[in-house]
Structure formats: C-alpha cells, structure tokens
Amino acid sequence: MDQRLTFEKQITTLKKNAFHTIRNLCKVRFLLTKEQMKSVVNSMVISCLDYCNCLYYGIAEKLLNQLQIIQNSAAKLVTGKYKYDHVNTDLHDLHWLQVKKRIVFKIALLSYKAINGQAPKYIQDMFTYSYQGYVPRLLTPVMSTTLGQRSLSFIGPKIFNSPPNHITTATNTDSFKKLLKTHLFNLSISETMNLKK
C-alpha cells in the first residue's frame, strides 16, 4: 500500500485477475444459463470489486474508470455481448449498481450498521451520534487533510445523512439495503457523488 493511498497497484492487480477470470468464464459460457452465469460472475468477479471498496472513495477518476471497465466486461459476459458491444442498460437489467454507486452504498451500509450496533466496535467508535427528533444522524468531524477527508469517520456521516429519512430509519438491514439501492438506482452518477455535499 502506498503512502498516498492511491491504490493504483492494487487496482492494476485486481484488473489483471478479473480479466483472467472473465476470459476463462467466456470459454464455458455456452454451458451455463444466464442466471447461472450471473451467479458465477457475482461470486468470482463482482465480489472482488466490492471487497473493501469503501477505501476507493476519493481515488483518481482514471482508477475508478478501470474498475467500471471490469464491471462492464462482467455484464457483457452475463448478457452474452461481445467486447465492443455497448453496455447500455445491462447493469440496470442485472440490478447492479455502477462502481461509484457501489462505493457509496458500502459506506452508507457500514454507517447504518454502526449507528444500529451491528458493526464491529472499532467502526462504531469512529462515529459520534445525534438525533433530530426520532431520526438518527451522524456528526461530521473536522478534518483538515485530504486523506482525512477520505476516511470513513468523515465521509460516512455525510453520505449516511443524505438519503431521505425513510431510508436511514429503516427498521432492519435488509430493508435499508433495498431502499438505499433503489434510491441510488434513481440517481445519476453526479447526483450520487454529490450526496456528500
């Protein structure tokens, strides 16, 4: 891991391994149904994109684009498209959030679990809580450095506090995830990245 937390080396390795997996799965695509292929791709490719992906918040746009290229290629594999075909609405049809939205989703989910006592104690201890009436809120700490402003304790409250109250006050994790995913699907990428504003 580099001192500036660019994650460039990690994403380069991830991309290499993901495309190796995708190429191998292409060879057996004709043996599997679309749903079977989707399950395999979710477990072997998409899960790698999601692993610790909240750390990717604030990295260079070119690296986020590399991650999106991996997801687009995975979608083409599932839908039976070829390398130079357009993805169009494939991600939506597969119910896959785009990479940037997945990062925001993971940060919001960790924050929700922390505020509801479902996260490990070290994550819960990152946050300061408050209530506006019955609505839970996370307080944003003061951070003066760029790296500090990429930390979960800083960006978590900004993202968690942004969705409508009916999402943040969901009674259980499954409901929160379903409501948040629907909310993010309905936002553009620019609107998603502006949730922190």
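Two strands pair if DSSP finds at least two bridges between them, and helices (H or I, at least four residues) and strands (E, at least two) are DSSP runs, numbered from the N terminus. The structure described here is a predicted model, in which local features need pLDDT of at least 70 and side-chain atom pairs count only at pLDDT 80 or more, while totals for chains, interfaces and linings use all residues. Residues are numbered from 1 along each chain as its sequence is written, and side-chain values use heavy atoms, with hydrogens and water left out.

Strand 1 (residues 128-132) and strand 2 run antiparallel and are joined by 5 bridges. One of the residues involved is Y129, whose bridge partner in strand 2 is L138. The hairpin has 2 residues between its strands, and G133 takes a positive phi near 70° there.

Attention now turns to the helices at the start of the chain. Two packed helices are described by the angle between their axes and the distance between the axes. Here, axes are lines fitted to C-alpha atoms, for helices over the stretch in contact, and angles run from 0 to 180 degrees between N-to-C directions. Angles under 35 degrees count as roughly parallel, over 145 as roughly antiparallel, 65 to 115 as roughly perpendicular and the rest as oblique.

Helix 1 (residues 8-26) packs with helix 2 at an angle of about 170°, and their axes are 10 Å apart. The two helices are therefore roughly antiparallel to each other. On the helix 1 side, the contact (heavy atoms within 4.5 Å) is made by L14, A18, T21, I22 and L25, and helix 2 contributes M37, V40, V41, M44, V45, C48 and L49. By class, the residues of this contact divide into 11 nonpolar, 1 polar and no charged. For these classes, Ala, Val, Leu, Ile, Met, Phe, Trp, Tyr, Cys and Pro count as nonpolar, Asp, Glu, Lys and Arg as charged, and the others, Gly among them, as polar.

Helix 2 (residues 34-50) also meets helix 3 (residues 61-79), with axes that come within 9 Å and cross at roughly 165°. That makes helix 2 roughly antiparallel to helix 3. In helix 2, the residues K34, M37, K38, V41, V45, I46 and L49 meet L67, I70, Q71, A74, L77, V78 and T79 of helix 3. The contact of helix 2 with helix 3 holds 10 nonpolar, 2 polar and 2 charged residues.

Helix 1 and helix 3 complete the description of these contacts. Their axes come within 10 Å and cross at roughly 10°. Helix 1 and helix 3 are therefore roughly parallel to each other. From helix 1 the contact draws on E8, I11, L14, K15, A18, F19, I22, L25 and C26, and from helix 3 on K62, L63, Q66, L67, I69, I70, S73, A74 and L77. These residues comprise 13 nonpolar, 2 polar and 3 charged.

Buried means under 20% relative accessible area, exposed over 50%, and partly exposed in between (1.4 Å probe, protein chains only). The buried residues of helix 7 are L152, S153, F154, I155, G156, P157, I159 and F160. Their cover includes helix 5 (99-115), helix 6 (121-124), strand 2 (135-139), helix 8 (165-168) and helix 9 (173-185).

A few individual residues also deserve a look. Most residues other than glycine have a negative phi, and most peptide bonds are trans. F7, although not a glycine, has a positive phi of about 65°. F7 lies in the segment before helix 1 and is buried, with a relative accessible area of 4%. H95 is not a glycine either, and its phi is positive at about 60°. H95 sits in the loop between helix 4 (90-93) and helix 5, and counts as partly exposed at 48% relative accessibility.

Two residues link places that lie apart in sequence. T33, in the loop between helix 1 and helix 2, is partly exposed at 44% relative accessibility. T33 and T79 are 46 residues apart in sequence and 10.0 Å apart in space, C-alpha to C-alpha. N42 lies in helix 2 and is partly exposed at 28% relative accessibility. N42 and W96 are 54 residues apart in sequence and 9.7 Å apart in space, C-alpha to C-alpha. Not counting residues up to four places away in sequence, N42 touches S47 and W96.
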